[in-house]
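Hi,

Here is the model I promised to pass on.

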Amino acid sequence: MDMRILVIEDDVGAAEYLAKGLRESGNSVEVATNGRDGLLRAAAEPFDVLIVDRMLPRLDGLSLVQHLRATGHTTPVLFLSALGEVDDRVKGLRSGGDDYLVKPYAFSELLARIESLGRRQSRAPVTTTLKVGDLELDLLTRKVTRGGQVIDLQPREFQLLEALMRHSGQVMTRTMLLEKVWDYHFDPQTNVIDVHISRLRQKIDKGFERQLIHTVRGAGYSLRAPGPAS
Amino acid sequence: MHLVRLLETSTFRLALIYLALFGVFGLALLGYLYFAMAGVMERQTAQTIQAEIEGLSEQYRSEGLARLRRVIARRSAAHPERASIYLLADPLGHPMAGNLDRWPNAEPGTDGWLQFQVEVRPDDARAEQRRALAASFLLSGGFRLLVGREIEERIEIQSLLRQAIGWGLALTLLLGLAGGYVASRGMLSRVEAINRTTRRIMAGDLSQRIAVRGTRDEFDQLAENLNAMLSQIERLLEGMRQVTDNIAHDLRTPLSRLRARLELALLHGSGGEGTRALLEETLADAEAMIQTFNALLDIARAEAGSDRAAFEEVDLETLCAGLADLYGPLAEDKGLAFASGCTPGLRVRANRHLLTQAIANLLDNAIKYTPPGGRVSLMVSPGPVISVADTGPGIPEAYRERVLERFVRLEADRSAPGNGLGLSLVHAVAKLHGARLELGDNRPGLRVHLDLAGVAAPAA
């Protein structure tokens, strides 16, 4: 992914495991083990994403991010927390966090969210049309076409496609889709998302030679243009 | 029962305090009566004597010594038993008239009264010494006049009165002490019974209960309340024990599977598609265990009630439509007819997140257990009542309470995926909201009603 990531986490074992995984995914990672150090590093050096544990010695995660935001730093922040109540999530996001992940988490989930956060900054500001390959989605007229052919979508299918297209090339986990499209923050016992994706696939990919929606094993889904590399 | 313990009881102390107060009041009252009566009697004697002396000295002044001698002689003669005492003496102290042989050998008290012993001879009886009270009067010419009354009787009455008061008080104290003793013993025996039971319970036997006498007194009420509390604690402990047992059991299975897979992966050596598949399955197992723990934590949090702070106004139509939208395709994919009816305009104060998850769990179950060709429905109707119904195998009536407990699954469903926590969360969420959860027969299938009547938000 090639991002500069700062991990602020006091559990040294967890921090090392996290750093190792992120480095293996092609990122450069630095680690701070307390809130004060983390704030100084985050304010002094440019990072693409900050991963901040909520419970930190010397300065807790919420205050750290509040300080950072108050001084004009907009680096995306992913909170890690053992606190999983909706209330905690809301508090985390209100204090300036961009995403919130409850421990224990799957590394693939974390990676997908980091990627999504890191790309957010570099994305073109305001567009009314999303384009991936020959697939086009008009946000104003809510019209979807592929290769000039109009595709009729249910409102929720439209939202699902929009989420996938906004993060085209990235992995979207089932949990992320459930959060973004339905605004639900719980683990469904069955993979309800799979059914919705397969319906969307029927409409988007069926009858076309090249698939746009891909299943990423053990992680989620990804929508990407059929480039020469793939 | 030890006497010292008895004396230490609050009942006995209370009895003692009452007794002391009663004793002081009694003593004051009887003392007042005694002194009032004794005073009246003494004053009466003194006044009679005074009046007689005045009368006699008046006669002496107006009619002379001879007249006085005659009067005294006559009066003395009327009282040979010496109940009334008269003596007239010449200046030298020699008796001139009266029923005393000589001037009594006694010094007058500070109040001028003489007290002395006199020998009396009441009606043919033997002579006896009795106390007498007298006043003397000096007549002109040096003659002395003595008038008195025998007061033995009065003193005896007074002493009788004193005795009666003393005995009365002693008896009161004795009866009070005995009463206090008996009452404390009764009280102590009942408290002791409760203590004995609690000691046995603390020693580990939680099945012990305090005996109820059926007298409907405060001790019975205390015993009943304590017993109810004990039953509640026992039930909770039993529930907790079952949950821990179940957690241990339900997590040991995936853990041993996980270990077996890892061992197998080690045997295979690194790399290879086989190792990768094993690791992926292991990951899925770990994921399932984490989900189980998350579900347990969700239930625990809902039960603790701390999520009440996150209550907000929830529009049930939106909630219903969202879930129908999410689960409808899943049902249809499985070959089930899915129907939803979301009545608009119904709002409740609820934890949106938990309520959504609870209904999602019900839909998950309905879709999971209904065989293809069946029907699943989600309804929100006025009440408001949220109902999820299916045409699956349903739950036999005898199990409808049990399946709400953690990890309880019907024998037939053991092979199906799931952790037996779905309905437990629904139950906990219903309790958190004060809603009524009802599992019924859909003929065929299961019909679950979540009655939110008590939760409805005021129309805003």
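Starting with the interface: 27 residues of chain B are in contact with 20 residues of chain A, where contact means that C-beta atoms, placed from the backbone, lie within 7 Å. On the chain B side, helix 6 (273–304), helix 7 (316–333) and helix 8 (352–369) each supply at least two residues; helices (H or I, at least four residues) and strands (E, at least two) are DSSP runs, numbered from the N terminus. Helix 6 of chain B has the largest share, eight residues. By type, that side of chain B divides into ten nonpolar, nine polar and eight charged residues. Here Ala, Val, Leu, Ile, Met, Phe, Trp, Tyr, Cys and Pro count as nonpolar, Asp, Glu, Lys and Arg as charged, and the others, Gly among them, as polar.

Some housekeeping: this is a predicted model, so local features need pLDDT of at least 70 and side-chain atom pairs count only at pLDDT 80 or more, while totals for chains, interfaces and linings use all residues. Residues are numbered from 1 along each chain as its sequence is written, and chains are lettered from A and ligands numbered from 1 in the order in which they are written.

Now the cores. A nonpolar core is a set of buried Ala, Val, Leu, Ile, Met, Phe, Trp, Tyr and Cys residues joined through C-beta atoms within 7 Å, and buried means 20 or more other C-beta atoms within 10 Å of a residue's own. The largest one has 75 residues, with Leu323(B) and Ile359(B) among those with the most contacts inside it. Helix 8 of chain B gives the most to this core, ten residues. Beyond its neighbours within four places in sequence, Ile359(B) is in contact with Leu323(B), Ile386(B) and Val388(B). A second, separate core of 28 residues includes Phe47(A) and Leu117(A).

Chain B also has an open, mixed sheet of five strands in the order 7-9-10-12-11; strands pair if DSSP finds at least two bridges between them. Strand 7 (337–342) and strand 11 (436–441) of chain B are at the edges with a single partner strand each, so one side of each has no neighbour in the sheet. Strand 11 of chain B runs antiparallel to strand 12 (residues 446–451) of chain B, joined by six bridges; Asp441(B) has Leu446(B) as its bridge partner there.

Overall, chain B comes to nine helices and twelve strands, and buried residues make up 25% of its 460 residues.

Cheers

Definitions and conventions: Contact = placed C-beta atoms within 7 Å. Buried ≥ 20, exposed ≤ 12 C-beta atoms within 10 Å, placed from the backbone.
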